[in-house]
Amino acid sequence: MHSTPVSSKVLSALAASRRAAAAALALIAPAASALLAGLALAVPLILIVQTFFDGGRADVSAWRNAFGDLDRWADLLSSTGQAVAVAVAASTAGGIALGAILFRTDARLRRPSIALLLLAAVIPFTTQASAILDTLGVARMQGSALGLGLIHGLAYIPVSALIAGIALRAADPRLEEAALVDGSTQMGVFLRITLRQASPGILAAALLTAIWTATDYSISDIILVRTFAEEVYTQFTLHSRPQEPTLVCLPIALLLGGLLAVPARWLLKRASAPSASIPAPPRPFRTGAWRLPLSLMGALSGLAFTVAPALHMARRLSPGKGLGHYLAVFAPEIEVSLATAFAAAAVAAPAATGLAWILVRSARWRGVVGLGLVILLALPAPLLGVGLIQIFNRPGLPGAIYDSPAMLVIAHATRFLPAAVILLAAAIRTIPRRLEEQARADGCSTFGVWRHVVLPLAAPSVLLAMLVVAALAAGELPCSLLVTPPGYTTMGARFFSLLHYGLVGDAAALSLISALAVGGIWAIMGLVWGAPRLLAGKRSARQRG
């Protein structure tokens, strides 16, 4: 009797699990989309309305407290502006150079270098930044807004390089070939054609760097630089109410929202447009005698952003205490962080699938979803935490959620929802409309189209988005530090406390554990993403043989 190959059984099991996952996602997606989209619109509205009241009575004292000291505003604008400018300059320059080497040249070792960059992109920012800060010297960076920007810029180079590289690779090869035929040099083609076509992606990377730098306070608190994000945390600690923190960050939130409006409008138009087909990927630029140096530069950069921070943290471990000791000491924080990170991913990914489908397919609600995403991106993470406290810190069911790890799940899922939506919108856009139209012609409702067409085809991308959210949430700090319930401390909050009080050895150990945890999630992602293709390739080879 003929026996079924093992690879066929595995592929059948994977197909069955994909169908089951699609059915589960179809049930979760509508409720999760409505919940997180509602929070995205409710949080800023509640915070702004509350600035006119105190204890149920009309009161504008918060406006006087927030805007009465013009010197403070000048200091905040100056320090935040300097930090953002340096961070954007450093990350954009490094990102374009590294992205061009790894995505558009014939340099060797490009795939392993890109894999290392992918890992570095999701290593917690506090891990990368603390290693950079320790290398540059805490005393040298003390009170320096320019130093703060340099730390952020260097830490965000992996993300900028990936975004810039993908944008550079998406350039139309026909225009490049035509320019080469007309006698342009490779450098001329890159500067006039490739770089210009990649400018939207490079702009998006620069905006992300600006947003993350302006809304993070983990490093500014350590080196004593006053920024808007730091002031939000300080004002909430001083006044124990949301009015002053909301008003302090209102100008920077409006500025970031305005900066995001232009690329958001462009992305909405692009998401709703039919996907254009490019005949072939662009040819890599030949580097000649520079091939070996550029290959080494790409590989060493990948190692510098992954292995180097881990080795640096390992050297700072307290003498006589191995990693096993710290795993036992920080076991509660590790369990809370990983459990809430994966729970947040399980909520955010289905919600993002529904919202991404609306962005791509629904002309009526596309603008509302886009507005919610811009608000979440522009809203500083500490203020998101303050807003969630106002919603859930009350008697009854909201209070029960507020005192449980579910609060961390909601905070993480809400904060990283835009990243998942942007990732999944590209996947939804590749699904042919005719398949959805055929399903509707066969009698399927919108729910049926989601379950039988959209989710099965988008399942790999949904899983990828889920793991990306889990990796980001595992090391999140600015929002979770405010909403963490008693008894459920995260790795990020514990790391911030250790570093704040100068316990460098313990902070290094926890930072290393965070990096290893994210690396483990990334390894799972690689196995899940690559195993079906590997097995399918083996089956195809067997059939051809």
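Which residues line the largest cavity? I looked that up first. S91, T92, I96, S160, A164, I202, A205 and A206 do. By cavity I mean a set of points, on a 1 Å grid over the protein atoms alone, where a 1.4 Å probe fits but cannot get out; lining residues have an atom within 4 Å of a point.

Notes on the model: it is predicted, so I kept in mind that local features need pLDDT of at least 70, side-chain atom pairs need 80 or more, and totals for chains, interfaces and linings use all residues. Residues are numbered from 1 along each chain as its sequence is written, and side-chain values use heavy atoms, with hydrogens and water left out.

**Cavity**

I found one cavity of 30 Å³ or more in the structure. The volume of the largest cavity is about 30 Å³, counted as the space filled by probe spheres set on grid points joined across faces, edges and corners. Helices α3 (70-104), α8 (157-169) and α11 (199-214) each give two or more residues to its lining. (Helices are DSSP runs of H or I, at least four residues, numbered from the N terminus.) I sorted the lining into five nonpolar, three polar and no charged residues. Nonpolar here covers Ala, Val, Leu, Ile, Met, Phe, Trp, Tyr, Cys and Pro; charged covers Asp, Glu, Lys and Arg; the others, Gly among them, are polar.

**α4 with α15**

Next I looked at helix packing. α4 (residues 110-122) and α15 (residues 291-315) pack at about 25°, with axes 8 Å apart. Axes are lines fitted to C-alpha atoms over the stretch in contact, and angles run from 0 to 180 degrees between N-to-C directions. That makes α4 roughly parallel to α15, as angles under 35 degrees count as roughly parallel, over 145 as roughly antiparallel, 65 to 115 as roughly perpendicular and the rest as oblique. In the contact (heavy atoms within 4.5 Å), S113, L116, L117, L119 and A120 of α4 meet G298, A299, G302, L303, F305 and T306 of α15. I noted seven nonpolar, four polar and no charged residues there.

**α4 with α8**

Here the axes come within 8 Å and cross at roughly 130°. That makes α4 oblique to α8. On the α4 side I listed I114, L117, L118, A120 and A121; they meet P158, V159, A161 and L162 in α8. This contact has nine nonpolar, no polar and no charged residues.

L109 has a positive phi of about 60° although it is not a glycine. I placed L109 in the loop between α3 and α4.

Key:
On a 1 Å grid over the protein atoms alone, a cavity is a set of points where a 1.4 Å probe fits but cannot get out, and a pocket is an open set with protein on both sides within 12 Å along at least five of seven lines; lining residues have an atom within 4 Å of a point.
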